[in-house]
Amino acid sequence: MEKDARVVLLGEDIGKLGGVFRVTEGLQKDFGEDRVIDTPLAEAGIVGTAIGMALRGYRPVVEIQFDGFVYPAFDHIVSQVAKLHSRSLGTVRMPMVIRIPFGGGIGAVEHHSESNETYFAHTAGLRVVACSNPHDAHWMIRQAVESDDPVIFYEPKRRYWDKGEVGEAPDGDLGSARVVREGDDVTLLAYGPMVKTCLQAATAAEEDGRSLEVVDLRSLSPLDTGAVLASARKTGRVVVVHEASTFLGIGAELSAMLTEEAFYELEAPVLRVGGYNVPYPPSRLEEEFLPDLDRVLDAVDRSLAY
């Protein structure tokens with residue numbers, strides 16, 4: 001915001017309150033109410049306004065307060081935000097970011113713990129990314145705001161309070177995956193909140209003499225297929241982990257891609273660990289719904305048994 005006066009923030013309670021997760025705390029005081037705008041409770045209106053601002057040369061950053069609140073704006077996002085660049089034959093840009101806290105694990109009520117990234121990853125014209133650690137949270141949001149493409153920026157809400165070092169430069173461009181732990185036996189592909197879970201699983205597996213490689217996808221659309229294929233060919237076994245339902249999820253796309261591109265180099269089928277194909281449960285049951293260390297390690301056992 002200091003670098004580019006065209007960057008404007010819009011969202012519910014992001015100004016005086018600093019957002020429900022305090023991500024924007026202090027920004028309205030620093031940049032004023034004209035650049036950090038508290039909006040009405042109307043997601044369609046927020047995103048529709050941001051579209052107009054982007055058309056007029058601004059770089060709006062929209063906050064959707066919780067993942068399950070994005071649906072009133074869904075038509076705007078998939079029908080306008082994603083398509084205006086193509087529809088105008090490249091003459092119109094949509095340099096806007098839609099920030100969405102996503103995933104469960106915080107004991108929230110209904111519509112506050114969903115993983116709806118596949119809806120947007122399926123839509124051509126949108127970049128869809130998910131950070132998993134403080135370093136990427138810092139650098140990826142900067143890259144997203146500077147991008148001329150519309151970016152759906154997923155932030156794992158149960159990782160907001162994680163602490164970590166922030167380096168001097170980003171780890172690759174916005175569309176790149178990153179190997180966050182080297183290994184030889186099985187590749188774990190994850191993003192957002194599940195990266196930490198997979199790292200914990202890899203540490204636990206090491207006690208049994210198993211070497212797990214963990215790849216943080218970071219970008220869901222486009223996928224960094226080169227990095228994914230390189231890791232899969234190295235280990236010969238792949239487990240994909242995400243909180244969203246495995247039915248038609250990101251794991252399904254990765255499984256299909258790996259089967260098409262690396263079938264003869266795989267030692268076992270690509271396995272998926274994810275949420276069940278049911279509506280997100282009440283908070284007292286969410287630990288039964290969400291993938292955990294034990295479910296990841298069970299999938300590793302099954303992969304190695306082939």
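How many cavities of 30 Å³ or more does the structure hold? In this predicted model, the structure holds one such cavity. The space in the largest cavity comes to about 30 Å³. Its lining is made up of Gly18, Gly19, Val20, Phe21, Arg22, Val23, Glu63, Arg99, Pro101 and Tyr160. By residue class, the lining of the largest cavity divides into five nonpolar, two polar and three charged residues.

Two residues of this lining, Phe21 and Tyr160, also belong to an aromatic cluster, in which ring pairs link them with Phe66, Phe69 and Trp161. Over the whole structure, the search for aromatic pairs finds twelve. A pair of aromatic rings is described by the distance between the centres and the angle between the planes. For Tyr276 and Phe289, the ring centres are 6.3 Å apart and the planes stand at 75°; because an angle over 60 degrees counts as edge-to-face, the pair is assigned to that class. Tyr276 lies in the loop between strand 12 (271-275) and helix 10 (286-289), whereas Phe289 lies in helix 10 itself, so the pair ties together parts that are 13 residues apart in sequence. Tyr276 is partly exposed, with a relative accessible area of 43%, while Phe289 is buried, at 8%.

Strand 8 (residues 186-190) was examined next. Five of its five residues are buried, so strand 8 is largely enclosed by the rest of the structure. In a regular strand the side chains alternate between the two faces of the sheet. In strand 8, Val186, Leu188 and Ala190 point one way and Thr187 and Leu189 the other, and all are buried.

Strand 8 has pairing partners in strand 9 and strand 11. With strand 9 (residues 212-216), strand 8 pairs in the parallel sense over five bridges; within this pairing, Val186 has Leu212 as its bridge partner.

Key. Residues numbered from 1 in each chain as written. Predicted model: local features only at pLDDT ≥ 70, side-chain atom pairs only at ≥ 80, totals over all residues. Heavy atoms only, no water. Phe/Tyr/Trp six-rings, centres within 6.5 Å; stacked < 30°, edge-to-face > 60°. Helix = DSSP H or I, 4+ residues; strand = E, 2+ residues; numbered from the N terminus. Buried < 20%, exposed > 50% of the residue type's maximum accessible area, 1.4 Å probe, protein only. Pairing = 2+ DSSP bridges. 1 Å grid on protein atoms, 1.4 Å probe; cavity = no way out; pocket = protein on both sides within 12 Å on 5 of 7 lines; lining within 4 Å. Points joined across faces, edges and corners; volume = space filled by probe spheres on them. Nonpolar A, V, L, I, M, F, W, Y, C, P; charged D, E, K, R; others polar.
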